[in-house]
Amino acid sequence: MFTLSQLTPRHFILAVVVLIALTVAIASPAALGPSGGITLAIVLVTLGLWATALVPGYFASLLLFTSVLIAGLQPAPLVFSGFASAAVWLIISGFVIGAAVSATGLDGRLAAVIAPLLTRTYPRLIGGLMLASMILGFLMPSSVGRAVVMVPIGMALADRCGFGKGSNGRIGIAAILAIGCNMPSFAILPANIPNMVLAGSAETILGIHFTYTGYLLLHYPVLGIVKSIVTVALVIALFPAKVGEPIGTTAAATATARAGQGKVIGILVLTLVFWMTDSLHGINSAWVGLAAAVLLLAPRFGVVSPQAFRQSVDFGLLLFVAGALALGAVVNASGLGGKLGAFLTSVLPLAPGHDAANFFSLTFLSFVTGMFTTVPSAPAVLTPMTSDLATLTGYGAMTVLMTQVVGFSTVLFPYQVGPLVVAMQLSGEKLDHLVKVTVPLALITLVALVPLDFLWWKALGWL
């Protein structure tokens, strides 16, 4: 029986969101169009459910699918387009690779090699894992791929440090790897999906081509290095721990296990080579991962049994990610994304010659858009507005485009970025723990790092 004493601030937040959604649906403002009010109401409720985590993420996704389809707002192919997305299949292959690494004991073996370097102190461990994730960002173009490699090793290190499930130390390792495998890569052009969506949109719509070095120099010092240092400090402060005695004993690998490890290493190396050279062969990283999964699952040759496969793939998480992708598709198809951008543009203080106000306003525009459309969809919504925004601010089109990165790389809730959710799922720790890091990190970014970035852009002559 649910009682008033069980109510939390999350319940009140969700209640306010639902009330606003009902008001929008009933009033249906003319500016939103005949079905725009209902679409916006559904989007608000979905975001409220994901943000408060009062129900499982997959339930909110199913509610989104059902509401949009029954109301006839969008066709089924668009609503279910997330299941055809490369991102979902990359996640599935990631689960299989993670299962193979764990089933063969390869995670423990790799952890044994790394442990002497990182496990002397907890801050050294957290900082070292962040550094390793940042380096991997230059080598692998997929955030999920980086998580698949790093998270099993991190969890094996947690065992070696005496961090049991649910402990601060284990949560800290999970959080630093989830963020480290994703957020610094926003500052590396080919290292994640939103960057590539931005680059593709800019080239297709505006004929503007980004350079790897120019992009890196503009964004990596603050969004890559400084933000990573802040993240390490936050994780250590929020989840303090001390390295202790190992959990359990490390058994010697059998001949069969060693043979399995050899197969997994060979397949992983081959997969990494294809991931690192995707610009040469043009094969999507998701299809490379899918090929690796096929080899690891292959009867007689593979190392992942049918039972291990069933246990490794979290269908609820796939529904959640497909729902996040569907949300972006629905917002874009309904025109809500463009209307949101136009509304924010009309109320933000944009004027030629006001560099600071323009920079902060464009960053905020991208930040808010990423919350409503999810981060991968934000560039698709904002890039068509570049010419208008350039006129309003007096900036060049390239400068306007680059402000998007500062905004959409500032992630308030994990639902905005699928790889964050996948990494926490691979770790076996609750997603709620990651929110404790992303919220203060976003606030610190908006209050301190965005002004610092503004000064860096000034020094480089971009403003």
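Visitor: Which residues line the largest cavity?
Guide: This is a predicted model. A search of the whole structure finds one cavity of 30 Å³ or more. The lining of the largest cavity has five nonpolar, three polar and no charged residues. By name, they are L362, L365, L382, T386, L389, V400, T403 and Q404.

Visitor: Which helix gives the most to the lining of the largest cavity?
Guide: Start with the elements that each supply at least two residues: α18 (355-373), α20 (386-393) and α21 (397-408). One gives the most, with three residues. That helix is α21.

Visitor: What is the volume of the largest cavity?
Guide: Five nonpolar and three polar residues surround this space. Its volume is about 60 Å³.

Visitor: Which residues are closest to the centre of the largest pocket?
Guide: The largest pocket holds about 810 Å³ of space. Its lining is made of 36 residues. The closest to the centre are D314, V421, Q425, E429 and L431.

Visitor: How many residues of the lining of the largest pocket are charged?
Guide: Helices that each supply at least two lining residues include α2 (36-52), α16 (315-334) and α23 (431-460). In the lining, 23 residues are nonpolar and eight are polar. The charged ones number five.

Visitor: Which element gives the most to the lining of the second largest pocket?
Guide: The second largest pocket has a volume of about 690 Å³. Its lining counts 36 residues, with A86, A87, N192, I193 and P194 nearest the centre. Elements giving two or more residues are α5, α8, α10 (193-206), α14 (285-297), α16 and α22. The top giver, with six residues, is α16.

Visitor: How many charged residues are in the lining of the second largest pocket?
Guide: Sort the lining by class. There are 21 nonpolar and 14 polar residues. The charged count is one.

Visitor: Is α8 roughly parallel or antiparallel to α9?
Guide: Two packed helices are described by the angle between their axes and the distance between the axes. The axes of α8 and α9 (residues 168-180) come within 9 Å and cross at roughly 160°. An angle over 145 degrees counts as roughly antiparallel. Therefore α8 and α9 are roughly antiparallel.

Visitor: Which residues of α9 make the contact with α8?
Guide: The crossing of α8 and α9 is right-handed. From α8 come M150, V151, G154, M155, A158 and D159. The contact residues divide into seven nonpolar, one polar and two charged. On the α9 side, they are R170, I173, A174 and L177.

Terms used: Residues are numbered from 1 along each chain as its sequence is written. This is a predicted model: local features need pLDDT of at least 70, side-chain atom pairs count only at pLDDT 80 or more; totals for chains, interfaces and linings use all residues. Side-chain values use heavy atoms; hydrogens and water are left out. On a 1 Å grid over the protein atoms alone, a cavity is a set of points where a 1.4 Å probe fits but cannot get out, and a pocket is an open set with protein on both sides within 12 Å along at least five of seven lines; lining residues have an atom within 4 Å of a point. Grid points are joined across faces, edges and corners, and a volume is the space filled by probe spheres set on the points. Helices (H or I, at least four residues) and strands (E, at least two) are DSSP runs, numbered from the N terminus. Ala, Val, Leu, Ile, Met, Phe, Trp, Tyr, Cys and Pro count as nonpolar, Asp, Glu, Lys and Arg as charged, and the others, Gly among them, as polar. Axes are lines fitted to C-alpha atoms, for helices over the stretch in contact, and angles run from 0 to 180 degrees between N-to-C directions. Angles under 35 degrees count as roughly parallel, over 145 as roughly antiparallel, 65 to 115 as roughly perpendicular and the rest as oblique. A crossing is left-handed if the near helix is turned anticlockwise from the far one by less than a right angle, and right-handed if clockwise. Contact means heavy atoms within 4.5 Å.
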